[in-house]
Amino acid sequence: MPISSTGSSGTPALPVGRGLFFLAVAGTTWGTTGAAVDLLYSSSGLGPLAVSFWRYVSGLALLLAGRAAVRMLRPGRGTHTAVVRPLRGLTPSRFGLRVTTGLCLAVFQTAYFAAVPATGVAVATIVTLGACPVFVAVGARLTLGERLGRGGAPAVAAALAGLTVLVLGDQDGGVRPSGVALALLAAAAFAVSVVLARWLGSAGGGESSFTLTAWSFGVGALVLLPFALAEGVLPGPDGLGRAALLSLYVAAVPTALAYPLYFAGTAVVRAATASVVMLIEPVSAAVLAVGLLGERLTVPMLLGTLVLLTGVVFLTRAEAARAGTARGA
C-alpha cells in the first residue's frame, strides 16, 4: 500500500511514491531546458527576457487549456477550485505568496536563461541546482529558525568550495564568473520561493500545485512583459519554424508539465529526499550539453561539480537525520 499524506483541506494527498515519480519526471525535463533554450537563442534571435516571457505566457495558456479540457471531460470536477474563483478566500499571506513566488520565478528563469549563453548549459545548470539547496538551508535557518544540523556547515563549505573550483580551476575559459553569478542569482531566487512555500505550509496554508503554478506564471509574465518588449519580444524571420517548435517544447514539457509535477511532489516528499531526486536534472543537462551541443567538461569542472554535489548530499543526509530524530522524539 503506498504511503500518502493529508492535504490542508483534510482530503487524502498524493501518495509519496507517486510524488517521487513526479519529482523525477520534473527533474529530467528541467535538465533539457538549457539545451532547448540554447538552440532557441541561435534560431530565433530572442534574448533571455523574451524567452522567459514567452515561456510563462505559453505555459500558462497550456495549463489553463489542460484544466478546461479536464473539466469538460469530467463535469463537476474542480468547479470550486481557487482558479475558477481566484479571489475567494484569498488572505493577504496567500496573495503575497502567489505574487512573490511569481516574482521569484521571473528572476530565476531570466537569470538562468542568461547564464546559459554566458557560461554554458552544463555549468549553469550545475551551479544553479547545486547552490539552491544550500540557499534554502541558510534561508530556512535565518527566517524559520531551522537548524542546519551536524552536517549542515560542512555541506555549505563543500558547496562553496565546489563553486570556487568551478570558477578558478577552469583553464579553457568555459566557466565565466559572470555566468556563475547569474546562476547563483537564479538559485537564490528559486530558494526564496521554496522558503516562502515552507513558511505558508507550516502555517497550515498549503496551496494546490495547479493554483500556485498558474499564479506564478501569470505574475511572472506580467513582470517580464515591459522588459521583454524593450529587449525585443518577436523572433526573427529566419528559422521561425524551428524556433516555434522549440518554444512549444519549452512551454509544454519543462513548464506546463514539469512545474505542477514539482509543486505536487514537494508537497508530499520531504525536502531532503526531493533534493536528492532533483539531482537528476544536472545529469540530464550535462549529457545533453556534451552530446548535443558539443560542450566540454574539463577535469576542474568535473572536480568542482563532484565537490558541490557532495555538499548537497551531506546537506540532505543531515536533514534526513534531523527528521528521523524528530519522529523518534
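Reply: The model is a predicted one. Its largest nonpolar core has 56 residues, and V51, F108, F190, Y259 and Y262 are those with the most contacts inside it. Two or more residues each come from α1 (16-30), α2 (33-44), α3, α4 (92-119), α5 (121-144), α7 (177-202), α8 and α9 (240-268).

Me: What makes a set of residues a nonpolar core?

Reply: The members must be buried residues of the nonpolar kinds listed for a core, joined through side-chain atoms within 4.5 Å. The 56 residues form the largest such set here.

Me: What does Y259 touch?

Reply: Leaving aside residues up to four places away in sequence, Y259 touches W30, R55, L105, F108, Q109, T213, F217 and P254. A contact requires heavy atoms within 4.5 Å.

Me: Why is the pair of F108 and Y112 called stacked?

Reply: Planes under 30 degrees apart count as stacked. The planes of F108 and Y112 make an angle of 15°, so the pair is stacked, with 6.5 Å centre to centre. Both residues are in helix α4, four residues apart, about one turn of the helix. Both F108 and Y112 are also buried.

Me: What makes the pair of F190 and Y262 tilted?

Reply: Stacked planes are under 30 degrees apart and edge-to-face planes over 60, and the rest count as tilted. The planes of F190 and Y262 are at 50°, so this pair is tilted; the centres are 5.7 Å apart. F190 belongs to helix α7 and Y262 to helix α9, so the pair ties together parts that are 72 residues apart in sequence. F190 and Y262 are both buried.

Me: Which residues form the aromatic cluster?

Reply: One aromatic cluster is formed by W30, Y56, F108, Y112, F113, F190, F217, Y259 and Y262. The count of aromatic pairs comes to 11.

Me: How do you know whether L184 is buried, exposed or partly exposed?

Reply: Buried means under 20% relative accessible area and exposed means over 50%. L184 has 25%, so it is partly exposed. L184 is placed in helix α7. The C-alpha atoms of L184 and A111 are separated by 8.5 Å, although these residues are 73 residues apart along the chain.

Me: Why is L144 called partly exposed?

Reply: The relative accessibility of L144 is 29%, which lies between the 20% and 50% limits, so L144 counts as partly exposed. L144 lies in helix α5.

Me: How do α3 and α8 pack?

Reply: Helix α3 (residues 48-73) and helix α8 (residues 209-231) pack at an angle of about 145°, and their axes are 7 Å apart. The crossing of α3 past α8 is left-handed. Among the residues making the contact are Y56 and L60 of α3 and F217 and L224 of α8. By class, this contact has 17 nonpolar, five polar and two charged residues.

Me: How many helices and strands does the protein have, and what share of its residues is buried?

Reply: The protein has 12 helices and two strands. Buried residues make up 45% of the 329 residues. Of the contacts with a separation of 6 or more, 85% are between residues 24 or more positions apart.

Key:
Residues numbered from 1 in each chain as written. Predicted model: local features only at pLDDT ≥ 70, side-chain atom pairs only at ≥ 80, totals over all residues. Heavy atoms only, no water. Axes fitted to C-alpha atoms, helices over the stretch in contact; angles between N-to-C directions. Left-handed = near helix turned anticlockwise from the far one by under 90°. Nonpolar A, V, L, I, M, F, W, Y, C, P; charged D, E, K, R; others polar. Buried < 20%, exposed > 50% of the residue type's maximum accessible area, 1.4 Å probe, protein only. Phe/Tyr/Trp six-rings, centres within 6.5 Å; stacked < 30°, edge-to-face > 60°.
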